[in-house]
Structure formats: C-alpha cells, structure tokens
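Hi,

Here is the structure I promised to pass on to you. Could you have a look at it, and then read my notes below?

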Amino acid sequence: MTNFFYRNRIKIIFVVLLAFLLVSLTSCRFDSGTWNQKIYTTYGQEWVDLWNNGSGFFNALFAWPVNLLSYPIALLCSSIGKGLGNSFFWGIFFTTLIVRTLAWPIYAKQNSMSLKMQMIQPEMEKIQKKYGQRKDPQSQQQMQAETMKLYKKYKVNPIGCFGTMFLQFPIFMSMYEVVQRINKTATTTIANGISVTYQSTFALSNTKLFGYFELDTSFFAATELHNKMFALVVALLFGVLQILQQKISSRPPKYMKKRPNANKNGQDSAKQMRMMMYVMTFMFVFMSLSSTSLAIYWLIGALYQMLQSQIGRIMNERKYYKLQEQEIKPRGTF
C-alpha cells in the first residue's frame, strides 16, 4: 500500500492540490457565496452568523477551524496595523511573517519530506530495477520489505506529506479570509429608508502603500492606471517567485549531484511536476488579480517560503551527511 502511494505520488499530489483549490474557492463562500464579504463583528457574533448561515458538510469540516483562527489573526493584523500608522500593508506584512513563523514546523516537515524523497530516489530505483521483472508473490514481498526498510532508514512516510497539506489548509484559508474581510463594510437600512454603513471591527483606514498604491482594490476594479498596473506587477511577480521557488526546491541536493546519473533520474516525474507547477501558478496569479491585498500577502509569503526552504535544505543536507558518517563508522567505535 505504501509503495503504491510512492509510485503514484505525483498524480496523487496533483489531485489533492486541485481538490484543495476547489475547496479553498468554495469553503469561504458560505451564505450563498457572500461569507468572505462579511465584516468582522464580535467573536461571539462570528460564531452565531456561521451557525445560522452554514451550509452542511463543508461548513462543519472547513469553516469552523478557519473561523477559529481567522478572528485572532484579524485581531493581530489590526493591532499591528493600528500601531504602525493604521497601515493595512504593515498589518499584512508582519502578520504574514508571524503566522508563517509559528507554522514553521508544518512547512519544515513538508520541505523535509520532499528532500528525503529525493534522497532515497537512487536507492529506490535500484530496488525497482532489481525486482522489476519478477512478478511472483515472494519477490513482490521481498521488494515491499526492502522498500519499507529504506523508508525506515531515512525516516520517510510517503503519505505523510498529505497530512501536512491538510494541517496547512486552515492556516492558509484563515489568512486568506483576513485579507479579504478585514476592511469590508456593510450597509443596513433602518427606519424611514435611512441607510447606515458599518465598518469591520478591525478595519485599517490607511490602505495605500507608500501613500500612492491602493491595496484595497484589484486589477479589475481599479480605476486609476497606476493602481491597475501595480496590481498586475504584484501578481506577475508573485507568479515568477512561485516558479523560481519550485525550481529551487526541485533542484537535487549537493550530495545527489555527486551520484552517477543523478540528474537523469525521475525525468517523467519531473515533467509532471513542472506541468502541475505551471497550472497551479497560473490559477494563483489569476486569483491575485482579483485582490491586490491578497496578491501582496501571497508575495510576502512566497519570499518568506523561499527563506524557509533554503534553511530546510541546509538542515536536511547536514542530517544526510551525519547519517552517512554513522553508516561508515565501524561498529564498536564511539
């Protein structure tokens, strides 16, 4: 079973990520598609509204954990922003850094798993080549045993990456919801046709970057050319960083470059990963065009993720060399 997940990991990851995007786009749209347009009120009222306007399975499974995190993150973002000139940008900037730092163990575990999968690739191919033409039950059992021994040696769980994806989901969607909702307003008509506009509890009035570029808009909604061009540049820059990050993370570690034919292994898997990367990047860039503040958040997150990935790569390479030293150390020595 474990070997099945390993052999089909690219296809499975692609399906999981597509499902993740579909749920991401739908799970925040409760109450007939307007939940992410609702203003923040009090924490108690948030839960009442979610309960009254919920919609079955997806609400119970995804909205509750997202709502549990969204309100405290919105409070953090608002507090930081108000302390720095009521700035929407600085609120997003520092909140993104804080949330990603707190969630570092989850991201680090996923990066570590990816590097470990690269690490075992040459030995995995040797096992598959050894038993590739032997289909009898005994040979298949031996192949499974050697595969499990390899996983144990490098402490790899091929299906563990899916757990980290689902752990990231509430964090990802909570920040998404905060950026979308924190400055929303709501209009209510009272007696005699008088309309009253209410602002979000956590609203930040200074929504311009450098006092010039408007963040509380989008490429499609912006009326001024400089705001429209800024939204486009940020979205494209985010896309470029995503592709660059994927290329860096898929680059073999230094120790794999020393192996013979290391760069020729897994060419088919690499092609599938590149295709998946381009499709996902295109979708995220298009979503970025619908909200400049969302694009800013993703851009900051992408830069921070590159830093996390590089630190994770260095740490995993050190673990590899330490493991190699332990293997060549004669038994009985200390």
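L102 sits in helix 6 (residues 88-102); helices here are DSSP runs of H or I with at least four residues, strands are runs of E with at least two, and both are numbered from the N terminus. L102 is exposed, at 68% relative accessible area. For that scale, buried means under 20% relative accessible area, exposed over 50%, and partly exposed in between, with a 1.4 Å probe and protein chains only.

Together with L84, W90, F94 and I98, L102 makes up a nonpolar surface patch of about 470 Å² accessible area. Patch members have over 30% relative accessible area and no salt bridge; nonpolar side chains (Val, Leu, Ile, Met, Phe, Trp, Tyr) are joined within 5 Å, and like charges within 9 Å. The areas come from the Shrake-Rupley method with a 1.4 Å probe, and for residues only the protein chains shown count as cover.

Please keep in mind that this is a predicted model, in which local features need pLDDT of at least 70 and side-chain atom pairs count only at pLDDT 80 or more, while totals for chains, interfaces and linings use all residues. Residues are numbered from 1 along each chain as its sequence is written, and side-chain values use heavy atoms, leaving out hydrogens and water.

Now to the charged pairs. With a salt bridge taken as a side-chain nitrogen of Lys or Arg within 4 Å of a carboxyl oxygen of Asp or Glu, the count is two.

One of them pairs E146 with K130, with 3.1 Å between the closest N and O atoms. E146 belongs to helix 8 (residues 137-154) and K130 to helix 7 (residues 104-131), so this pair ties together parts 16 residues apart in sequence. Both ends are partly exposed: E146 at 26% relative accessible area and K130 at 45%.

E177 also forms a salt bridge, with R181, where the closest N and O atoms are 2.7 Å apart. These two are four residues apart in helix 9 (residues 160-181), about one helical turn. Here E177 is buried at 2% relative accessibility, and R181 is buried at 0%.

Finally, confidence. The chain has a mean pLDDT (the predictor's confidence in each residue, from 0 to 100) of 76, and 68% of its residues reach 70 or more. Over residues 25-33 the pLDDT stays under 50.

Best wishes

Methods:
Contact = heavy atoms within 4.5 Å.
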